[in-house]
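Reader: Hey, I've just opened this one and I'm new to it. Can you walk me through a few spots?

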Amino acid sequence: MAQRAVALIPAGLAAALILALTLAPLAAVGSRAEAGAGLGAGDWAAIRFTVWQAVVSAVVSVGLAVPVARALARRRFRGRGALVMLLGAPFLLPVIVAVLGLLAVFGRGGLLNAGIVALGGAPVSIYGAGGVILAHVFFNLPLAVRILLQGWLDIPAERFRLAAQLDAPIWSLLERPMLARVVPGAALVIFLICLTSFAVALTLGGGPRATTVELAIYQAIRFDFDLGRAALLALVQVALCVVAAVLAFRLTVIEPVGSGLDRTVARWDKSPWDWLWLAAVSLFLIAPLAMVVWRGIPGLADLPSSVWAASGRSIAVALGATVLSLALSFALALRGGIWMQGIGVLPLASSALVMGTGLFVMVYPFVNPTRLALAVTLAVNAVLALPFGLRVLAPAVRDVREGYGRLAASLGLTGWAGVRIVMLPRLRRPLGFAAGLTFALSMGDLGVIALFATDAQETLPLAMYRLMGAYRMEAAAGAALLLLALSLGGFWICDRGGRIDADL
């Protein structure tokens with residue numbers, strides 16, 4: 001209780017800052033939207049396309065994830081752990097880097113079209129709705145596989161043994177009921193992610209038929225400077241996110257399937273198709289990353305000096321966002337309680353573009369927003385990464401408090417002394433992981449910075465996007481490799497640093 005009390009003031013300050021960076025922009029957006037002239041035909045088309053592509057992306061991602069997760073659940077082989085780890089890589093991968101990798105494989109000059117042309121066919125285009133959905137499947141198929149695989153692993157081995165003894169069909173008896181519980185929640189989580197995917201729509205979408213709400217917000221500010229229309233679109237985006245988040249929260253509550261003795265499941269219903277699904281998903285994930293490395297190495301020599309300066313700004317912003325996000329997450333986790341948890345997940349109801357639009361509206365009457373580009377980007381990245389950091393830290397803080405709280409109190413280690421001597425040494429692992437996650441997500445962000453920045457404030461993702469727009473693809477490939485190395489390297493350093501000599 002002493003640790004909870006000492007965390008009251010930091011948690012209150014953290015909650016106030018989070019509310020200010022989420023609710024204040026929404027309030028500014030709402031006040032500005034009242035002066036807007038309403039939504040036009042193009043805006044309604046963007047809303048329809050946003051919902052449609054998110055639905056299709058979620059359905060395709062989950063539909064493909066079912067046989068892949070089933071194959072992983074049924075098979076034990078060398079390298080299985082590495083493949084499961086690979087399924088988490090796209091979450092850390094900067095979106096703009098993944099897009100360049102997908103272009104190298106599926107783009108007009110990519111491997112797929114090279115094979116089609118060699119066979120006498122006409123090349124296909126990745127731009128438009130198809131490219132947006134393809135990119136979303138690339139990012140969200142691994143997430144869906146991890147969620148569904150956990151559903152399979154939660155079924156006790158004794159259930160499979162009983163089904164074998166009764167010669168009962170596993171699919172109808174065990175697997176289909178499990179999927180009925182897990183799939184709706186997984187699909188809605190992916191639907192929510194696809195609603196707020198700005199960088200994919202910016203690079204692969206565009207045009208009247210492939211414009212999302214967030215891309216329409218960006219265009220309304222950057223090209224038309226219509227703040228009223230941008231604010232109204234931001235409110236629409238928030239409404240879509242809130243509805244999807246509420247539905248996802250309600251449907252991801254999985255009913256318990258019973259406990260077992262933690263025995264290894266011996267599956268007798270294996271299929272040769274398992275290997276085909278595993279090979280296909282491995283190729284789908286590895287090929288774009290391999291192409292980024294292959295094309296990026298020669299492109300490093302073509303990097304302009306501005307890219308190196310942008311890299312320094314990206315690192316500074318990512319470090320600042322990491323420190324701020326960790327401080328906010330730790331303050332909320334240390335205080336605990338349902339209200340702190342609720343405030344911590346509040347940023348999930350918004351998005352970078354919505355926050356950026358609100359902050360743009362707030363500061364525009366007083367100062368040129370471009371002067372605050374890096375500071376606003378840092379703050380927004382910290383807040384948007386906070387729910388992930390809180391999800392990592394809150395259970396760890398609770399475990400330390402339950403395991404060592406009474407002993408620390410008996411030794412007089414209360415207040416900040418207890419936090420410093422008892423709590424922090426046992427939180428190095430989750431702190432390192434949360435720091436690495438925040439750093440990687442911030443390094444690859446191409447959201448708020450696209451609204452505010454000029455050439456003097458561009459970060460590495462924005463510099464890479466501008467190189468692609470100027471058709472300097474070799475230099476863009478080099479920038480992609482640099483961004484990939486910095487993002488994954490930063491994550492590894494933070495995560496590894498938290499694990500070295502850390503208490504278990």
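Reader: Let's start with F138 and F139: buried or exposed?
Author: Both F138 and F139 are buried, where buried means under 20% relative accessible area, exposed over 50% and partly exposed in between, with a 1.4 Å probe and protein chains only. Bear in mind that this is a predicted model, where local features need pLDDT of at least 70, side-chain atom pairs count only at pLDDT 80 or more, and totals for chains, interfaces and linings use all residues. Residues are numbered from 1 along each chain as its sequence is written, and side-chain values use heavy atoms, with hydrogens and water left out.

Reader: How many aromatic pairs turn up in the whole structure?
Author: Seven aromatic pairs. Rings of Phe, Tyr and Trp (its six-membered ring) pair if their centres lie within 6.5 Å; planes under 30 degrees apart are stacked, over 60 edge-to-face, and the rest tilted. F138 and F139 make an edge-to-face pair, 5.6 Å centre to centre with 80° between the planes.

Reader: And which residues do ring pairs link into a cluster?
Author: That cluster consists of F106, F138, F139 and F284.

Reader: Switching topic, where's E458?
Author: E458 sits in the loop between α21 (448-452) and α22 (460-469). Helices here are DSSP runs of H or I with at least four residues, numbered from the N terminus.

Reader: Is it buried or exposed, and why?
Author: E458 counts as buried because its relative accessible area is 8%.

Reader: What does E458 touch?
Author: Leaving out residues up to four places away in sequence, E458 touches S306, A310, R313, A453, A463 and R466; contact means heavy atoms within 4.5 Å.

Reader: Which side chain has a polar contact with E458's?
Author: The side chain of R466, at 2.9 Å. A polar contact is a pair of N or O atoms within 3.5 Å; within protein, one must be able to donate a hydrogen and the other to accept it, and residues adjacent in sequence count only if both atoms are side-chain atoms.

Reader: OK, another spot. Where is Y471?
Author: Y471 is in the loop between α22 and α23 (473-499). Its phi is positive, about 60°, although Y471 is not a glycine.

Reader: Buried or exposed, and why?
Author: Y471 is exposed, because its relative accessible area is 71%.

Reader: Last one: what about L276?
Author: L276 lies in helix α14. L276 counts as partly exposed because its relative accessibility is 47%.

Methods:
Helices (H or I, at least four residues) and strands (E, at least two) are DSSP runs, numbered from the N terminus.
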